[in-house]
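Hi,

Here is the structure for your files. My notes on its aromatic rings follow below.

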Amino acid sequence: MIKDMPKRFALLLALTFAPSGGVAPAFAAPPAVAESDHVAITTSAGTITLDLDAERAPLTTANFLKYVDQKRLDGTSFYRAMHLEWGDPPNGLIQGGTGNDPKRVLQAVAHEPTRQTGILHKRGTISMARFAPGTATGDFSILVSDQPGLDAQPDATDPDARAGFAAFGKVVSGMDVVDRIWAMPRSSTKGEGVMKGQMLDPTVKIVSVRRVPALETRLEATPSGALSAPNSPAPVAPAAAASSTAQAPAPR
């Protein structure tokens, strides 16, 4: 299992050799340039651009960028479209990622709750899929509607609901692609438990996931994240009642 995080900065060191008895001239190294936290997910249905919030959710963002920089999300898919029975459509989320592929999954990331980050689960938010808090790896969801039930619920008796899910960014371009994926055909038989009937058939291929310059993105939505996965040890889904904040774990 690869645990080393890719370097975020690159420095070019120039070494010169002076003639005997001389002094080597000093060359200043080029200034380090921070890599962008904007990410483009190129899919067979179009491109979704994200603005990841490294300032407020540093651990979750760094985890996601490990998968991006190591190209571990290339060739994966969006495999789930959760349609909630309450509210006006579109209402729910789409989910994709590694699907618990042992060749792609890295060490689980520590949980960053919304009460800590302040990043709430709104339309366009990206959030990590998980089972118990602290088990999120390489699966994630993008919300097509506001889902406050995924936020941390400090007064809940259920410890899972108290923890909520780890939102860490938002869609800034391509919400039309998110909506398109959400509306695609689903299998009536695939999936287990709360996942049954939510599996996309066929799935939507994630061709590549890459960092892109922030200046290339444009604001199309003002949201913040959500989640859940198929036959992988990653997610949980919101309850099917508008007034409930309970969450049921996805099948393992």
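**Aromatic rings**

Ring pairs join F64, F78, F140 and F168 in a cluster. The model is predicted, with local features needing pLDDT of at least 70 and side-chain atom pairs counting only at pLDDT 80 or more, while totals for chains, interfaces and linings use all residues. Residues are numbered from 1 along each chain as its sequence is written, and side-chain values use heavy atoms, with hydrogens and water left out.

There are three aromatic pairs in the structure. Rings of Phe, Tyr and Trp (its six-membered ring) pair if their centres lie within 6.5 Å; planes under 30 degrees apart count as stacked, over 60 as edge-to-face and the rest as tilted.

Take F64 and F140. Their ring centres are 5.4 Å apart and the planes stand at 90 degrees, so this pair is edge-to-face. F64 sits in helix 1 (residues 58-69) and F140 in strand 6 (residues 139-143), so the pair ties together parts 76 residues apart in sequence. Helices (H or I, at least four residues) and strands (E, at least two) are DSSP runs, numbered from the N terminus.

F64 has 3% relative accessibility and counts as buried. F140, at 1%, is buried too. Buried means under 20% relative accessible area, exposed over 50%, partly exposed in between (1.4 Å probe, protein chains only).

F64 also pairs with F168. The centres of these two rings are 5.4 Å apart with planes at 50 degrees, so the pair is tilted. F168 lies in strand 7 (residues 167-173) and F64 in helix 1, so parts 104 residues apart in sequence are tied together. Both F64 and F168 are buried.

Best wishes
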